[in-house]
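Subject: Structure handover

Hello,

Here is the structure I said I would pass on. Please look through it first, and then read my notes below it.

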Amino acid sequence: MFRTNESRSDRIIRIILGLIALGLAFNHVGGNVGTWVFGIVATLAIITGITGVCALYKLIGVNTCPIRK
């Protein structure tokens, strides 16, 4: 459906940072809005890292995926 627009290194960085952010969000569970927002952003980073498709990249026309020959 969607073409991959993230390079392998971009995906790995997103997953690692997303897991760190998700761990920090769960560490500070208290019900405040900041924790929820932090958790949602972390989850989105992990999902885009796994799928290799970033909607924001597509919106602004960025593609870090190398050209396949």
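Ser7 is in contact with Thr64, Cys65 and Pro66, leaving aside its neighbours within four places in sequence; contact means heavy atoms within 4.5 Å. This is a predicted model, in which local features need pLDDT of at least 70, side-chain atom pairs count only at pLDDT 80 or more, and totals for chains, interfaces and linings use all residues. Residues are numbered from 1 along each chain as its sequence is written, and side-chain values use heavy atoms, with hydrogens and water left out.

Ser7 lies in the segment before helix H1. Helices (H or I, at least four residues) and strands (E, at least two) are DSSP runs, numbered from the N terminus. Ser7 counts as buried, at 12% relative accessibility. Buried means under 20% relative accessible area, exposed means over 50%, and partly exposed is in between, using a 1.4 Å probe and protein chains only. The side chains of Ser7 and Ser9 are joined by a polar contact of 3.3 Å. A polar contact is a pair of N or O atoms within 3.5 Å; within protein, one must be able to donate a hydrogen and the other to accept it, and residues adjacent in sequence count only if both atoms are side-chain atoms.

Phe2 is also placed in the segment before H1. Phe2 counts as exposed, at 51% relative accessibility. Leaving aside neighbours within four places in sequence, Phe2 is in contact with Val53 and Lys58. From Phe2 to Val37 there are 35 residues in sequence and 26 Å in space, C-alpha to C-alpha.

Next, the salt bridges. How many does a search of the whole structure find? The search finds two. A salt bridge is a side-chain nitrogen of Lys or Arg within 4 Å of a carboxyl oxygen of Asp or Glu. One joins the side chains of Glu6 and Arg14, at 3.3 Å from N to O. The other joins the side chains of Arg14 and Asp10, at 3.2 Å from N to O. Together, Glu6, Asp10 and Arg14 form a network of salt bridges. Glu6 and Arg14 are both buried, and Asp10 is buried too. Arg14 and Asp10 both lie in H1 (residues 8–27), four residues apart, or about one turn of the helix. As a general point, an α-helix has 3.6 residues a turn, so residues three or four places apart point the same way.

H1 itself has 20 residues and reaches 29 Å from its first C-alpha to its last, close to the 28 Å expected at 1.5 Å a residue. The expected span of a helix is 1.5 Å times one less than its number of residues. Which residues of H1 are buried? They are Asp10, Arg14, Gly18, Ala21 and Ala25. These residues are on the same side of H1 because they cover an arc of only 75 degrees around the axis. The arc is that of the directions from the helix axis to the C-beta atoms. On the other side of H1, the residues Arg8, Leu19, Phe26 and Asn27 are exposed. The cover over the buried residues of H1 includes helix H2 (33–51) and helix H3 (55–60).

Take Gly39 as one of them: its relative accessible area is 13%. Gly39 touches Leu22 and Ala25, not counting residues up to four places away in sequence. The C-alpha atoms of Gly39 and Thr4 are separated by 24 Å, with the two residues 35 apart along the chain. Just after H2, Gly52 takes a positive phi of about 80 degrees.

Last, the cysteines. A disulfide is a covalent bond between the sulfur atoms of two cysteines; here the cut-off is a pair of cysteine sulfur atoms within 2.5 Å. A search of the whole structure finds zero disulfides. Cys54 is buried, with a relative accessible area of 7%. Cys65 is buried as well, with a relative accessible area of 16%.

Regards
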